[in-house]
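These are my notebook entries on a structure that I had not examined before. I set down what I looked up, entry by entry.

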Amino acid sequence: MTEAGRLSPDEAEQLAGWLKLVANANRLQIVGLLAQGEQTVAEIEAALGIRQPSLSQQLGVLREGGLIRAERQAKTVVYALDVAALGAVVHLFCERLAGKPGEAAASATAGPPSQAAVFATLG
């Protein structure tokens, strides 16, 4: 275990990877929209104005990175934030860089908060 406020090399690599996932304006908009609840590709496209080919690419990056999950419902795919993964990132970030987990980050890993609550913790 490292000192409070100090990241181990593995922790720094993990956190850098998560931050890279949202270091794109379109992906950040998608995460923000999904923080409000599940959305289909058509709903995301309409809400954000991101053309379908680019949207599909960005959704794939977020899904492969573990920040979102996709669930097929009949002919439609519904996307949602992976609250557990996002909560772990927030917890690690607060714990290591601030020296202790924030109240919101601690509650994010303790139980299933709303997706909006977990996303708000990042802001």
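Entry 1, terms. I count two residues as touching when their heavy atoms lie within 4.5 Å. I also note at the outset that this is a predicted model.

Entry 3, the chain as a whole. I recorded seven helices and three strands. Along the sequence I read their order as α-α-β-α-α-β-β-α-α-α. Of the 123 residues in the chain, 34% are buried. I then took the contacts between residues at least 6 apart in sequence, and found that 55% of them join residues at least 24 apart.

Which residues touch the most other members of the largest nonpolar core? I found I30, I44 and L59, in a core of 21 residues. The elements that give two or more residues to this core are α1 (9-21), α2, α3 (41-48), α4, β3 and α5 (83-98). The most comes from α2, which gives four residues. For context I noted that nonpolar side chains tend to be buried together in soluble globular proteins.

I looked next at helix α2 (residues 25-34) and helix α4 (residues 52-64), whose axes come within 10 Å and cross at roughly 75°. An angle of 65 to 115 degrees counts as roughly perpendicular, and α2 and α4 are therefore described as roughly perpendicular to each other. On the α2 side I listed N26, R27, I30 and V31, and these meet S54, L55, Q58, L59, V61 and L62 in α4. By class, the residues of this contact are six nonpolar, three polar and one charged.

Not counting residues up to four places away in sequence, Q58 touches N24, N26, R27 and I30.

The crossing of α2 past α3 is right-handed. From α2, residues Q29, I30, L33 and L34 meet I44, A47 and L48 of α3. I sorted this contact into six nonpolar residues, one polar and no charged ones.

I located T40 in strand β1 (residues 39-40). Its relative accessibility is 16%, so T40 counts as buried. Its contacts, not counting residues up to four places away in sequence, are T76, V77 and V78.

Where does A74 lie? I found A74 in the loop between β2 (68-73) and β3 (76-81). A74 counts as exposed because its relative accessibility is 72%, and exposed means over 50%. I also noted its phi, which is near 60°, a positive value in a residue other than glycine. Most residues other than glycine have a negative phi.

Technical notes: Residues numbered from 1 in each chain as written. Predicted model: local features only at pLDDT ≥ 70, side-chain atom pairs only at ≥ 80, totals over all residues. Heavy atoms only, no water. Buried < 20%, exposed > 50% of the residue type's maximum accessible area, 1.4 Å probe, protein only. Axes fitted to C-alpha atoms, helices over the stretch in contact; angles between N-to-C directions. Parallel < 35°, antiparallel > 145°, perpendicular 65-115°, else oblique. Nonpolar A, V, L, I, M, F, W, Y, C, P; charged D, E, K, R; others polar. Core = buried A, V, L, I, M, F, W, Y, C linked by side-chain atoms within 4.5 Å. Left-handed = near helix turned anticlockwise from the far one by under 90°.
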